[in-house]
Amino acid sequence: FVGQCLSVSGTWAQRVAQAWLAYSLTHSSFYLGLVTFAASAPAFLLTPLAGVLADRVDRRRMLLWTQIFAMLQAAALAIAAIKGFITPNWLLWLATVQGIVTAFDNPARQAFYSEMVQPEDLSNAIALNASLVNVARVVGPAGAGALVAIWGEGICFGVNAASFLAVIVALLMMKIAPVKRRASSVGRWEAVQEGIAFVRGKPALRLMLLNFSVFNLAGSPYLTLLPIQAARLQGGPAALGWLVSASGIGAIVCSLVLASRATTSGLPMASFVASIVAGLALIVLGYSQNFVLSLLTVMVIGGGYVLTLAATQTVLQTSVGELMRGRVMSFYSVVFLGIPPVGSLIAGMAAERFQSPVTLASGGLICVLGALYCAFDRKGRVVSYAQVS
């Protein structure tokens, strides 16, 4: 937990510094979006294959290698930035390397939870990790802003490279019984298809992934549009900082509530309700002219998102055996890593054409309709999720 907290904070610091460096080098909004997209795009293509690998190899060893490669990527970025020979093309290639490493890291990390804790503690561990990520989302960018202002972007990249040592040491210190992986006679793509067939055969899993996908596509881009909302409220950078912090606070509160739950009962429906409430809050945020009201709605949206995220992750983790865990969690990783950049790109173009309020409200309406579709069957009855496990 401590090692991951340090590492994720460093990763968020690198994201902020990398975006700032991309814009400083080119003064191009398009290039800024391209670098962000390059750091996420590999998830679409490589994460399902990485899930197959996580089902066939030692996951701790796989995580060790991904952490080492991530550390080397951050170190290369730090050296290039500090020495002054970083170019836009080099930044783009290094962002792509980061995306490739993340595509292999996330499925292994998600599948590794079950080896670190007992089954009865799994949902609590997942919720605690969600709170950790959201704390890091507040601490990392704030630290990056101070470091960039004083010493420049290269120091942020160097700090992130050093932060991976905490996770590497933690992984080496763990005393975990080795898990024997059963040899598979099927190829990689056939193994991916087995995972798809498994999820399709579980209505609750399929619908929760669908709901999470809709939220990531239409709802999560609100963060991209928050600077516009802050400007509409005539608050400037300070208002933006408060809005981002409010989102993190809502996320932390909901993740701690989930961490205190003793069972996974009711989580599918809870995720749909959270998506509906967050969608309604998005509609209010789009047309809000009051700063306090905007703070409250952003807090609700942040809480709703992390509740949907953690509930989906928990139900997936507790509904699948070890032989299929890596592949199933890779689908979650595709939704978590790959869809938000696409949603942000669409939201940016929509806001330029139709204005930010319409874009936010439309995204909220899509979230509400998507969650209602997943929660009710064709006859208008609440879907039964007794078969989730």
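Reader: Which residues of helix α10 are buried?

Author: The buried residues of α10, which spans residues 222–232, are Tyr222, Leu225, Leu226, Gln229 and Ala230. Buried means under 20% relative accessible area, with exposed over 50% and partly exposed in between, using a 1.4 Å probe and protein chains only. Helices are DSSP runs (H or I, at least four residues), numbered from the N terminus. This is a predicted model, where local features need pLDDT of at least 70, side-chain atom pairs count only at pLDDT 80 or more, and totals for chains, interfaces and linings use all residues. Residues are numbered from 1 along each chain as its sequence is written, and side-chain values use heavy atoms, with hydrogens and water left out.

Reader: Aromatics next. How many aromatic pairs are in the whole structure?

Author: A search finds four. Rings of Phe, Tyr and Trp (its six-membered ring) pair if their centres lie within 6.5 Å; planes under 30 degrees apart count as stacked, over 60 as edge-to-face and the rest as tilted. Phe212 and Tyr332 form a stacked pair, 5.6 Å centre to centre with 10° between the planes.

Reader: Where in the chain do Phe212 and Tyr332 sit?

Author: Phe212 is in helix α9 (residues 203–219) and Tyr332 in helix α14 (residues 322–354), 120 residues apart. Ring pairs also link Phe212, Phe215, Tyr305 and Tyr332 into a cluster.

Reader: Is Phe212 buried or exposed?

Author: Phe212 is buried, at a relative accessible area of 0%. Tyr332 counts as buried too, at 1%.

Reader: New topic. What volume does the largest cavity have?

Author: About 50 Å³. On a 1 Å grid over the protein atoms alone, a cavity is a set of points where a 1.4 Å probe fits but cannot get out; a pocket is an open set with protein on both sides within 12 Å along at least five of seven lines, and lining residues have an atom within 4 Å of a point. A volume is the space filled by probe spheres set on the points.

Reader: Which residues line the largest cavity?

Author: The lining consists of Ser123, Ala127, Leu258, Arg261, Thr263, Leu267 and Thr314.

Reader: And which residues lie nearest the centre of the second largest pocket?

Author: Phe1, Gln4, Tyr113, Met116 and Asn129, out of 17 lining residues.

Technical notes
Helix = DSSP H or I, 4+ residues; strand = E, 2+ residues; numbered from the N terminus.
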